[in-house]
Amino acid sequence: MARSGRLIAVEGIDGAGKTTLAEGIAAALPDVTVLREPGGAVLSERIRALVKDPALEVDPRAEALLYAAARAQLVSEKLLPLLASGRTVILDRFVDSSLAYQGAGRGLGVEEIAELNRFATAGLTADLTLYLRVDPAVGAARRGGEDRLEQEGEAFFSAVVAAYDALAAKERDRYVVLDGTDPPDVVLATALTVLKRLQ
Ligand code: TMP
């Protein structure tokens, strides 16, 4: 499928303010579609409920595969058709969440998880990644901690932040780093300026 729309991913740890940013972009730019991961399609939303459930025991490899399965469905059912129709899509998390959380946080290896996700996405990559950066302690103070991943401790989130930082340093053309401790309206204004440049 030919692709003329843009895919913009929003990344960061829990409590960084991604969802507020994605909602702000949606309100400011009515022509964009905002989707989230895991989710955005019926199957993927069901998988979301599974991976977030604190009552379930989930092996790290099973976890990586569940996120990849949710992603594969979203890509084929929603992302590819939307992008082919020329639509700009803002995606609240994408492959880099798996690289950071499963690859680094769970210690499965960033390259192993990248390989799994090349299969899951059939090679689809984001045109731009807005990385909302906060230190692990800031994320911890902001999040509720009620779902399975949010209950992880400081060492886990430190590894996740380090992995995001490494990706941002390696992929400077794709990554835009936003300061997640700035007020939400400042973060949104910066993101909108970046998005305007892209159009
Ligand atoms: P959120 O949409 O509320 O941020 O919840 C998604 C949770 O799942 C969050 O804790 C991050 C985690 N996650 C992964 O561990 N790997 C992934 O690939 C994705 C998309 C999310």
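Me: What makes 10 residues in the lining of the second largest pocket nonpolar, and how many there are polar or charged?
Reply: In this predicted model, the lining of the second largest pocket has 10 nonpolar, five polar and seven charged residues; Val and Leu count as nonpolar and Asp, Glu and Arg as charged, so Val95 and Leu99, which are among the residues closest to the centre of that pocket, belong to the nonpolar class, whereas Asp96, Glu171 and Arg174, also among the closest, belong to the charged class.

Me: How do you know which elements line the second largest pocket, and which of them gives the most?
Reply: Lining residues have an atom within 4 Å of a pocket point, and the elements that give two or more such residues are β1 (7-11), α4, α5 (110-121) and α7 (154-170); α5 gives the most, with six residues. The volume of this second largest pocket is about 380 Å³.

Me: What is the volume of the largest pocket, and which residues lie nearest its centre?
Reply: The largest pocket holds about 680 Å³ of space, and of the 33 residues that line it, Asp14, Lys18, Thr19, Lys52 and Arg93 lie nearest the centre. Two or more lining residues come from each of α1 (18-28), β2 (32-36), α2 (42-52), α3 (60-84) and α4 (95-105), and α1 gives the most, with five.

Technical notes. Residues numbered from 1 in each chain as written. Predicted model: local features only at pLDDT ≥ 70, side-chain atom pairs only at ≥ 80, totals over all residues. Heavy atoms only, no water. 1 Å grid on protein atoms, 1.4 Å probe; cavity = no way out; pocket = protein on both sides within 12 Å on 5 of 7 lines; lining within 4 Å. Points joined across faces, edges and corners; volume = space filled by probe spheres on them. Helix = DSSP H or I, 4+ residues; strand = E, 2+ residues; numbered from the N terminus.
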